[in-house]
Amino acid sequence: MSDQCIFCEILNGNSPASFVYQDDTVVAFLDIQPITQGHVLVVPREHATLMSNVNETVAMRSFRVARMLSSVVRGTLGATGVNLFVADGESAFQDVPHFHVHVIPRYPNDGFGLTFPDRYAQPPSRAELEAIADAIRAAV
Ligand SMILES: [Zn+2]
């Protein structure tokens, strides 16, 4: 647990949240600033900043619950799609330093979108892709 972490405060019962799911490993509650209606956060009970800081069991439970809630928001809220999103690190827009999975229900014309860098229009060569793939394969 971390004193400065809002998610730990919620887990301690010191801050309110609208819970939608709880088990022995993870909880899920509504984001207080939802991107869309029914935007849920799946949060492990143990404090860990990054995805790589949680063990595989905790990570898999987080994604299993996110998958289950994706079906639930389609069925109960009428979402026509779902985005799962993990902001893993500051450069990836992580704003709460406690690993979590966003379940973002999607609706037609809901106003949420992605932006791509200019270089997206010029895909890398096969040689460049293979060089990157080599580096990743060597570390797997
Ligand atoms: Zn925390």
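Biologist: Is Phe99 buried or exposed?
Modeller: In this predicted model, Phe99 is buried, with a relative accessible area of 2%.

Biologist: Which ring does Phe99 pair with, and how is the pair classed?
Modeller: The partner is Phe63; the two ring centres are 6.5 Å apart and the planes stand at 55°, so the pair is tilted.

Biologist: What parts of the chain does that pair tie together?
Modeller: Phe63 belongs to helix 2 (residues 56-77), while Phe99 sits in the loop between strand 4 (81-85) and strand 5 (101-106), so the contact ties together parts that are 36 residues apart in sequence.

Biologist: And how accessible is Phe63?
Modeller: Phe63 has 29% relative accessibility and therefore counts as partly exposed. A residue is called buried under 20% and exposed over 50%.

Biologist: How many aromatic pairs does the structure hold?
Modeller: There are four aromatic pairs. One of them joins Phe7 and Phe29 in an edge-to-face arrangement, with 5.5 Å from centre to centre and 75° between the planes.

Biologist: Where do Phe7 and Phe29 lie?
Modeller: Phe7 is in helix 1 (residues 6-11) and Phe29 in strand 2 (residues 26-30), so this pair ties together parts that are 22 residues apart in sequence. Both Phe7 and Phe29 are buried. Ring pairs also link Phe7, Phe19 and Phe29 into a cluster.

Biologist: Changing topic to the metal: which residues are the protein donors of the zinc ion?
Modeller: Cys5 and Cys8 each contribute SG, and His47 and His98 each contribute ND1. These donors lie 2.0 to 2.3 Å from the zinc ion.

Biologist: What is the geometry of the zinc site?
Modeller: The site is tetrahedral, with angles of 104 to 118° among the four donor atoms.

Biologist: What spacing do the donors follow along the chain?
Modeller: The donors of the zinc ion follow C-x2-C-x38-H-x50-H.

Biologist: Are the cysteines, Cys5 and Cys8, buried or exposed?
Modeller: Both are buried. Cys5 has 1% relative accessibility, and Cys8 has a relative accessible area of 0%.

Biologist: How many disulfides does a search of the whole structure find?
Modeller: The search finds zero disulfides. A disulfide is a covalent bond between the sulfur atoms of two cysteines.

Biologist: Now pockets. What is the volume of the largest pocket, and how many residues line it?
Modeller: The largest pocket has a volume of about 700 Å³, and 29 residues line it. Lying nearest its centre are Asp31, Ile35, His39, Asp95 and His102.

Biologist: Which elements give two or more residues to the lining of the largest pocket?
Modeller: Those elements are helix 1, strand 2, strand 4 and strand 5.

Biologist: Staying with strand 5, what about Val101?
Modeller: Val101 lies in strand 5 and is buried, with a relative accessible area of 0%. Val101 and Ala59 are 42 residues apart in sequence, and their C-alpha atoms are 9.5 Å apart in space.

Biologist: Backbone next: what is phi of Phe93, and where is that residue found?
Modeller: Phi of Phe93 is near 75°, a positive value in a residue other than glycine. Phe93 is found in the loop between strand 4 and strand 5 and is exposed, with a relative accessible area of 66%.

Biologist: And what is phi of Asn109?
Modeller: Asn109, although not a glycine, has a positive phi of about 55°. Asn109 lies in the loop between strand 5 and helix 3 (126-139), and its relative accessible area of 82% makes Asn109 exposed.

Methods:
Residues are numbered from 1 along each chain as its sequence is written. This is a predicted model: local features need pLDDT of at least 70, side-chain atom pairs count only at pLDDT 80 or more; totals for chains, interfaces and linings use all residues. Side-chain values use heavy atoms; hydrogens and water are left out. Donors are N, O and S atoms within 2.8 Å of the metal (3.2 Å for Na, K and Ca); water is not among the atoms, so sites may look incomplete. Four donors count as tetrahedral if all angles lie between 85 and 135 degrees; four count as square planar and six as octahedral if opposite donors are over 155 degrees apart and all others between 65 and 115; anything else is irregular. Buried means under 20% relative accessible area, exposed over 50%, partly exposed in between (1.4 Å probe, protein chains only). Rings of Phe, Tyr and Trp (its six-membered ring) pair if their centres lie within 6.5 Å; planes under 30 degrees apart count as stacked, over 60 as edge-to-face and the rest as tilted. Helices (H or I, at least four residues) and strands (E, at least two) are DSSP runs, numbered from the N terminus. A disulfide is a pair of cysteine sulfur atoms within 2.5 Å. On a 1 Å grid over the protein atoms alone, a cavity is a set of points where a 1.4 Å probe fits but cannot get out, and a pocket is an open set with protein on both sides within 12 Å along at least five of seven lines; lining residues have an atom within 4 Å of a point. Grid points are joined across faces, edges and corners, and a volume is the space filled by probe spheres set on the points.
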